[in-house]
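Good morning. Please look at the model first.

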Amino acid sequence: MQKYALLLLPLLLAACGGQSDKPADEAQAGVPPKPVFKVKYIDEAAINGLALGAAQSGKTVDGKPNAVYPIDGMSDGNQVELVGERSNDLEMIRGKCMETDGGKNIGWPKGGTCQTLFAKLVDNVAEDSAKLTDYLIGHAGLKSYSENKSGYAAVQTGRYILEADSDGAFFFRRRNY
């Protein structure tokens, strides 16, 4: 009889759906949210409302046209770049942003220039932007920043990927590039 009880235990657990005492959010804390991108093509509309300076046009190292925008109020090297041959269907938007305090990198504190800029970019391109922004910044190691730790986070669909890393780099790009 005990053998049958042991055999039935997995069936009973499966029938209950494997319920646990942990809330769903806590159980899925490490699972990336599934993005729903609002854009059909990457274009300049993705950077609408971002605090950026005037663009400088040029070419990337591999010869692709680009437009580089400095981030208002930030030191050199903090920028957003649009890359691609077709302005109405760009390959990617990439950027670099790192807040400092007395010359020391401090990540992206809530309400800071980098966090606000990134949140606006995410809001321009995806639904559920607050959830995506929190996930990406947290898992990239930019919220609780430490120069000795590295981090990376990404959310993606079949067509697009949105990424951030602990160096303050971020990307919104088509997956085939």
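I start with the origin of the model, then go through the strands, then the helices.

The model is predicted, so to speak by rule: local features need pLDDT of at least 70, side-chain atom pairs count only at pLDDT 80 or more, and totals for chains, interfaces and linings use all residues. Residues are numbered from 1 along each chain as its sequence is written, and side-chain values use heavy atoms, with hydrogens and water left out.

In what order do the seven strands of the open sheet run? The order is β1-β2-β3-β4-β9-β8-β7, and the pairing is antiparallel. Helices (H or I, at least four residues) and strands (E, at least two) are DSSP runs, numbered from the N terminus. Two strands pair if DSSP finds at least two bridges between them.

β1 (56–59) and β7 (152–156) are at the edges with a single partner strand each, so one side of each has no neighbour in the sheet. From one strand to the next, the twist averages 15°.

Now β2. With β1 it pairs over four bridges, and Gly58 stands opposite Asn66 in β2. The two strands form a hairpin with five residues between them, where Gly63 in the turn has a positive phi of about 85°. On to β3: strand β2 (residues 65–70) and strand β3 (residues 79–83) pair over five bridges. Asn66 stands opposite Val83 in β3, and Val68 has Glu81 as its bridge partner there.

Last, helix α4 (residues 129–139) packs on the sheet and touches β7 and β8; contact means heavy atoms within 4.5 Å.

Note on methods. Axes are lines fitted to C-alpha atoms, for helices over the stretch in contact, and angles run from 0 to 180 degrees between N-to-C directions.
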